[in-house]
Amino acid sequence: MTVIDEKTTQAPSGVIGQRLLRKEDPILLTGEAVFTNDMKVPGALYMAVLRSPYAHAKILSVDTSAAASIPGVAAVYSGADLTDLWTAPMPCAWPVTEDMKNPAHYPIASDTVHYVGDGVAVVLAETDAIAHDAIEAIDVQYEALEAVTDLEDALSDRVVLHEELGTNSSYTWPLLIEEEEGQVQRAFDNAAFSVNERYVQQRLIPMAMEPRAVVAVPQPFGGDMTLYTSTQIPHVLKVMIAVTLGFPEHQLRVVAPAVGGGFGAKLNVYAEELLCLALAQKHGGPVRWNETRSENTMATTQGRGQIQDIELAADTDGKLTAIRVRLIADMGGYLQLLTPGVPILGAFLYGGVYDLPKAYDFSCTGVFTTMTPTDAYRGAGRPEATYAIERAMDALAREVGIDPLELRRRNFIATEKYPYEAFTGLVYDSGDHDKAASIATEMVDYAALREKQVTQNVDGSTKRLGVGVSTYFEMCGLAPSRVLSSLNYSAGGWEAATVRILPTSKVQVVTGTSPHGQGHETAWSMIVADKLGIDPADVDVLHSDTAIAPLGMDTYGSRSLPVGGVAIGMACDQVIEKAKQIAAHQMEASADDLEFAGGVFTVAGSPDKEMPLAAVAFEAFTAHDLPDGLEPNLEAQVTYDPPNFSWPFGTHICVVEVDTETGDVEVLKYVAVDDCGVQVNPLIVEGQVHGGVIQGLAQALFEEATYDSHGNLQTSTMTEYLVPGSGDVPPITLGHSVTPSPTNALGVKGVGEAGTIGSAPAVINAVVDALTGLGVTNVPMPASPLNVWNAMQSAQSNTSSNGGQQ
Ligand code: MCN
């Protein structure tokens with residue numbers, strides 16, 4: 001249930017701010033949308049991949065003869081058979097340090113496998129069923145090697161996983177920021193209060209509703225190729241394929257048809273994309289592949305996977321004086337497109353929304369293990385950072401002996417300090433943390449809950465009430481290119497947009513963003529309609545096809561609105577400027593005297609003179625009477641590289657009841673107050689926050705990808721990997737404040753990841769808060785009944801060994 005607090009609802013003005021239903025939904029909801037696996041491609045061969053059952057093993061031999069003899073099988077290849085196809089290893093676009101170790105990783109292994117699910121052979125066959133039967137008939141002999149699934153064990157190099165690297169450590173990335181040398185250590189030496197906490201970010205499986213799928217279709221003449229793939233990044237993928245396969249970029253078209261969710265896991269260049277394309281080229285005909293759900297759990301990248309050690313130092317008032325963070329980040333078997341950079345993105349957020357002096361000591365070591373590679377998962381590094389600082393703030397509040405919200409308020413960056421240069425040197429655009437916290441506390445009736453706890457959480461009580469707070473900042477709108485370059489990221493952060501008014505005044509927008517559930521067709525139409533004074537239904541948004549939208553940087557990092565949407569607004573402004581020249585010429589007035597509102601040009605001081613944009617569009621098309629030197633047609637193209645990230649923020653509060661007899665956690669109330677600046681469409685914003693909160697809540701309470709000591713994924717189906725169903729989701733009440741971003745003309749900030757970033761710490765803080773009276777100071781994620789029970793047991797045994805002192 002989503003309840004919108006009317007008090008905090010932004011008053012709509014113009015089209016921006018209206019709660020329009022999403023125009024892309026009818027075909028999705030009626031099953032008419034075409035996903036990659038729905039594509040009808042006559043004559044396509046079906047590809048199936050044989051995956052390693054070992055987490056770490058040498059491939060001794062691959063016998064494909066039995067599989068090749070099955071009727072309907074067109075070809076069977078081992079990794080060794082295909083080595084000539086690759087001109088370069090699989091790409092990693094984020095070499096975070098100069099000396100980062102990156103093992104050569106090819107689409108199919110030919111020597112050693114490094115996780116269960118690593119591809120060792122492929123079959124091409126006339127049907128999907130034959131292809132899958134045939135992979136069963138391939139005989140692979142392995143020499144099993146030891147698996148390593150514990151991060152600290154991996155770091156010890158007891159077993160080196162990529163022999164050629166000589167170590168399992170991929171990189172260590174430090175960030176030491178001090179006003180004066182030695183300041184961090186001095187702050188800890190002189191701290192009135194300090195905490196030293198260890199948290200574990202369990203691995204998560206992104207579980208998009210649609211698993212991955214690929215269809216590669218060579219065109220009959222000239223060597224052109226079309227690749228249909230369920231991806232978030234058709235543009236980036238095109239460049240990466242050109243680099244990796246040496247495929248001529250100008251002859252490659254990448255299309256992302258309808259995409260059923262990605263959550264960061266489809267922000268990658270996958271082996272199967274390269275295999276389908278290379279094999280389609282080799283066979284001179286289409287090749288397709290469709291991922292099964294259990295393949296998806298092991299062969300699509302996973303998220304999180306970190307050990308976080310965080311220390312806070314504070315003065316007598318509980319004001320932060322220094323933060324120290326040490327991360328061990330699980331890379332998995334190989335580096336995928338962004339694997340090493342994901343934890344680094346979080347490095348800038350361990351200071352939360354707090355006024356921290358320049359006293360910050362961070363370092364992250366990325367380590368190889370024998371598990372599925374990790375990469376971006378909704379929030380990518382930022383939920384992890386927020387979790388650590390927000391959990392540690394609660395620990396510090398317990399040390400100081402004050403309410404956790406009061407501790408946060410003492411540390412908030414004051415509103416008048418915005419724009420605020422943070423300890424990292426990054427500038428936060430705008431914020432009002434007191435306001436977001438006040439709205440949230442009012443909505444949840446915080447004071448009453450604290451009073452209720454006093455009467456409910458008494459000795460012997462088996463239903464304990466807990467209240468958890470989390471305040472967060474998100475560094476989103478991934479851009480600007482110069483900052484990304486300073487982090488060694490290989491690509492830029494700009495976005496492209498074209499706005500074209502057609503002769504009959506309907507509008508085409510071409511965007512480089514690539515939506516997969518975010519409602520861009522609706523939102524972009526609203527931006528255009530608002531600017532041009534037309535009906536959003538008269539706008540068509542073209543996207544996700546590099547032949548139609550050749551320029552783009554795609555969708556991730558909650559960047560599409562603050563970068564791509566802003567670019568569209570700028571293109572509209574340029575179109576209006578050009579239309580103004582034409583209208584002025586037609587009305588024999590000076591362009592400087594023209595005003596544009598509601599889709600009509602008027603002349604200041606001459607109320608009888610007006611010209612609708614539709615009439616201007618037709619004039620621009622016929623070009624019979626245009627001002628001298630002006631080109632026909634109304635079209636503008638903008639490539640926008642923003643000057644800053646955008647910084648949404650908010651306060652989430654979770655209320656739980658924990659059953660001390662069973663360890664069961666019931667979420668009684670969840671309030672999320674998010675501020676993403678001006679909301680283009682509050683209905684979409686609420687959907688995004690709602691989905692995000694559920695993903696964070698799922699990490700806090702249900703989901704965990706677990707591996708046994710041999711590296712076998714124990715949670716490869718949804719009976720073991722607990723994705724919450726609608727019945728598991730508690731009531732979520734949304735509120736918001738609106739603090740416009742001063743860095744873009746629309747005043748917008750992104751929101752796609754906000755819910756995920758704020759939620760997990762709010763839930764776990766609530767669970768720990770409920771059990772504080774029993775001596776519990778930490779409950780690991782997920783707070784399953786077993787984990788809660790164990791936390792209570794170990795608190796009890798600590799208490800007994802301390803002679804009853806808590
Ligand atoms: N929006 C708005 N006003 C704002 C902010 C956003 O109306 N002030 C709207 C935008 O217009 C857009 C949507 O909210 O329609 C999300 O915008 P934005 O925050 O720019 O995020 P992106 O479109 O770039 O989406 C990426 C983000 C990420 S990083 C993940 S992961 C994620 C997410 O979006 N994965 C999703 N949301 C998802 N939603 C679905 N259904 N499926 C996924 O895989």
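These questions and answers concern a predicted model of a protein chain with a ligand.

Me: Into which domains is the protein chain assigned, and how many Å separate their centres?
Reply: The domain assignment gives domain 1 (1-13 + 414-476 + 646-806) and domain 2 (494-640). Taken over C-alpha atoms, the separation between the centres of domain 1 and domain 2 is 40 Å.

Me: Which polar side-chain atom lies 2.6 Å from an oxygen atom of the ligand?
Reply: Around the ligand there are 33 residues, and those that come nearest are Q518, H520, S560, Q688 and V751. A backbone N or O atom of G752 is 2.9 Å from a ligand oxygen, while an N or O atom in the side chain of R378 is 3.2 Å from a ligand nitrogen. The polar side-chain atom at 2.6 Å from a ligand oxygen belongs to H520.

Me: Which elements give two or more residues to the shell around the ligand?
Reply: The shell takes at least three residues from each of domain 1 and domain 2, and by class it has twelve nonpolar, 17 polar and four charged residues. The elements that give two or more residues to this shell are α15 (520-532), α16 (560-586) and α18 (682-701).

Methods:
Residues numbered from 1 in each chain as written. Predicted model: local features only at pLDDT ≥ 70, side-chain atom pairs only at ≥ 80, totals over all residues. Heavy atoms only, no water. Near = heavy atom within 4 Å. Polar contact = N/O pair within 3.5 Å; in protein donor to acceptor, adjacent residues only side chain to side chain. Helix = DSSP H or I, 4+ residues; strand = E, 2+ residues; numbered from the N terminus. Nonpolar A, V, L, I, M, F, W, Y, C, P; charged D, E, K, R; others polar. Domains from an automatic or database assignment.
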